[in-house]
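Let's take a walk through this chain, from its overall layout down to a few side-chain contacts. Have the viewer open as you read.

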Amino acid sequence: MPPAKKRKTRATAEPAEEIPALNATANETAAPKDNNSNEEPPLAEASSSSASDAATKAKERAERFKALQARAKTGAQKNLKEATLESQRLATDPNLLTSLNRKSAIASHNLMKADAEVAGEDFERKRAWDWTIDESERWDKRMKKKDNHRDDQAFQDYRQDSRKVYKRQIRDLKVDMDGYEKEKMKAVEKAAASGGLEIVETDDGELVAVDKHGTFYSTADSTGFVEHKPPKDAVDRLVKDLQQAEEARLKKRRERMGGNGDDGDVTYINEKNKNFNQKLNRFYNKF
């Protein structure tokens with residue numbers, strides 16, 4: 001008997017089927033290699049463009065950094081200049097600066113006057129050319145008032161001092177004319193109702209109040225003002241004026257004591273050392 005044919009099993013059939021699959025896989029892998037070989041030039045171009053962009057960005061960052069450095073340097077120089085000016089301003093005595101300006105103005109005035117005298121010109125007339133008549137009169141009035149005020153500053157007697165205080169209070173006083181007119185009309189109506197005041201109309205139509213008994217208008221012997229009750233705002237204003245006067249008095253007292261070196265802490269051991277400290281303060285406090 002001839003030998004029986006071997007039946008194909010699953011294990012023996014698979015290798016035959018794997019061969020075409022391997023060939024297909026090899027072809028597919030070969031194809032991408034060709035594609036990669038064709039795509040290499042675009043990748044090179046992309047890398048070169050990215051390198052140029054990075055260089056441009058680095059250059060821009062360097063320029064911005066330089067600009068920031070220049071700005072910081074300018075700010076530091078400006079701050080140093082301002083700090084120097086502030087220190088000079090604090091070290092400068094304002095009284096000394098005012099004195100120097102006054103001396104400079106006096107020196108320039110004397111120089112102009114000397115030049116005018118050398119040239120044979122009238123200095124006052126020449127200086128008046130720069131001003132109008134109204135301005136000249138206002139200036140003369142101001143100078144006269146300033147001289148009178150300077151002469152009136154020194155203490156003469158208590159009567160003169162009281163007069164200055166009274167003038168200052170009158171200058172700062174604000175009169176309520178509306179309230180005054182209302183109080184006046186009330187008083188007139190009350191006096192007319194009681195019969196002590198008669199309203200008479202003159203020929204030209206003007207109304208005149210005639211005091212029959214002589215008690216309506218105040219005289220040196222009148223005592224009706226004691227019955228007047230001031231309003232609350234007037235009392236508050238009086239209290240405020242008294243407080244301001246007390247503060248001014250205390251301020252002058254502190255300034256007087258400060259001039260003698262009696263303010264603040266005691267920095268001396270005897271009267272001679274106190275005078276020496278005051279001399280040092282006069283000469284070196286401005287520095």
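Predicted model: local features only at pLDDT ≥ 70, side-chain atom pairs only at ≥ 80, totals over all residues.

Residues are numbered from 1 along each chain as its sequence is written, and side-chain values use heavy atoms, with hydrogens and water left out.

On to the fold. Going along the sequence, the order is α-α-α-α-α-α-β-β-α-α.

Now the largest pocket, with a volume of about 1,400 Å³. For the method: on a 1 Å grid over the protein atoms alone, a pocket is an open set of points where a 1.4 Å probe fits, with protein on both sides within 12 Å along at least five of seven lines, and lining residues have an atom within 4 Å of a point. Points are joined across faces, edges and corners, and the volume is the space filled by probe spheres set on them. There are 34 lining residues, and the closest to the pocket centre are Lys-164, Val-165, Lys-167, Arg-168 and Gln-169. Helices α4 (133-153), α5 and α7 (232-259) each supply at least two residues of the lining, and α7 gives the largest share, 13 residues.

Tyr-166, Ile-170, Leu-173, Val-175, Met-177 and Tyr-180 make a nonpolar surface patch of about 640 Å². Such a patch joins nonpolar side chains (Val, Leu, Ile, Met, Phe, Trp, Tyr) within 5 Å, taken from residues with over 30% relative accessible area and no salt bridge; areas come from the Shrake-Rupley method with a 1.4 Å probe, and for residues only the protein chains shown count as cover. The elements giving two or more residues to the patch are α5 (158-172) and α6 (177-194). Val-175 sits in the loop between α5 and α6 and counts as exposed, because its relative accessibility is 58%.

How far apart are the end C-alpha atoms of α6? They are 26 Å apart, which agrees with the 26 Å that its 18 residues should span at 1.5 Å a residue (the expected span is 1.5 Å times one less than the number of residues). After α6 comes Gly-195, with a positive phi near 95°.

Finally, the structure holds four salt bridges (a side-chain nitrogen of Lys or Arg within 4 Å of a carboxyl oxygen of Asp or Glu). One of them joins Glu-121 and Lys-126 at 3.3 Å, N to O; Glu-121 is partly exposed at 40%, and Lys-126 is partly exposed at 38%. Lys-232 pairs with Asp-236, their closest N and O atoms being 3.1 Å apart. These two are separated by about one helical turn because they are four residues apart in α7. Lys-232 is exposed at 64%, whereas Asp-236 is partly exposed at 40%. Glu-246 and Arg-249 also meet, at 2.5 Å, N to O, and being three residues apart in α7, they too are about one helical turn from each other.

Terms used
Patch = residues over 30% accessible without salt bridge, like charges linked within 9 Å, V, L, I, M, F, W, Y side chains within 5 Å. Buried < 20%, exposed > 50% of the residue type's maximum accessible area, 1.4 Å probe, protein only.
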